[in-house]
Amino acid sequence: MQRPDWAPDTIDIERPSVARMYDYYLGGSHNFAADRAAAQAMVAAVPEAPLMAQANRAFLRRAVHHLAEAGIRQFLDIGSGIPTVGNVHEIAQRLDPQSRVVYVDVDPVAVAHSREILAGNDRAVVVQEDLRRPEAILAHPDVRKLLDLSQPVAVMVVAVLHFVSDDDRPAELLRVLRDALAPGSFLVLSQASDDGRSEDERAEAERVYRRTDNPLWVRSRAELTALFDGFELLDPGVVWVPQWRPDTPESAEDAERAVFMGGVGRLGA
């Protein structure tokens, strides 16, 4: 396969990437044959996979809009993925051009394209780092330069925790982030859930993602709720993502087929 100009030489285009598979689900063009084959295998196992990605993206947009309207002007989007329509900075800066956004992703394609999109925007930047290294994220000079952690920040961890194993202690990773935040900050969290799924569906989804560098770790509503430790959940709590403050009642129909659960929590004094 010929390597396109936008693909860094350091990446293996024959091995599926979860970021590029997600791009495929969203109708993007920054993916390779290996990514498309893995994504199509996932669709065969879970036919709602593209719809779940779109529903999750819509959840992110609604959450950012809500928080921006509530006065949040700083956003830290960890696991931001390959840029697509409705990025955090587009929503936040539309409401207030002074809003500041730091994107974080470990995937070099996602980082490279984010840099292209953000060129000339001095209030948004991308950092190549891993959620499993929260101290490194918080200490990164670009994060320190753009975000004032003594003031409220919205931390977005959307559609990424299901690639963090229990051995990596996701609750502790989030605790490090939480302890660095000022009162009035927010956590926006979503991940794939196995609530209501058959054992066969779960096993097949996990088999597909074992082909990537990021095996899948689905969690229940109770497990996801526990990850908001120290945060006060906003209504309606942890729900299927289409049910989180939907734009219309119709958009929340058949919500359980969305696969992703999510919620938003506020850090008190």
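Predicted model: local features only at pLDDT ≥ 70, side-chain atom pairs only at ≥ 80, totals over all residues.
I looked up Asp166 first: Asp166 forms a salt bridge with Arg219, with 3.0 Å between the closest N and O atoms. Asp166 sits in the loop between S4 and H8, and Arg219 in the loop between helix H9 (199–209) and helix H10 (221–226), so the pair ties together parts 53 residues apart in sequence. My rule for a salt bridge: a side-chain nitrogen of Lys or Arg within 4 Å of a carboxyl oxygen of Asp or Glu. Helices (H or I, at least four residues) and strands (E, at least two) are DSSP runs, numbered from the N terminus.

Residues are numbered from 1 along each chain as its sequence is written, and side-chain values use heavy atoms, with hydrogens and water left out.

Next entry, accessibility. I call a residue buried under 20% relative accessible area, exposed over 50%, and partly exposed in between (1.4 Å probe, protein chains only). Arg219 is buried at 4%, whereas Asp166 is partly exposed at 45%.

I then counted. The rule gives nine salt bridges. One of them joins the side chains of Arg20 and Asp35, at 2.7 Å from N to O. This pair links distant parts of the chain: Arg20 is in helix H1 (residues 18–25) and Asp35 in helix H2 (residues 33–45), 15 residues apart. Arg20 is buried at 2%. Asp35 is buried at 0%.

Arg132 forms a salt bridge with Asp168, the closest N and O atoms lying 3.9 Å apart. The partners are 36 residues apart, Arg132 in the loop between strand S3 (124–128) and helix H6 (134–139), Asp168 in the loop between strand S4 (154–158) and helix H8 (170–179). Arg132 is partly exposed at 30%, and Asp168 is partly exposed at 32%. A network of salt bridges links Asp130, Arg132 and Asp168.

Last entry, S4. Five of its five residues are buried. Ala154, Met156 and Val158 cover one side, Val155 and Val157 the other. Strands pair if DSSP finds at least two bridges between them. Strand S1 (residues 74–78) runs parallel to S4, joined by three bridges; Phe75 has Ala154 as its bridge partner. Strand S5 (residues 186–192) also runs parallel to S4, with five bridges. There I found Met156 opposite Val188.
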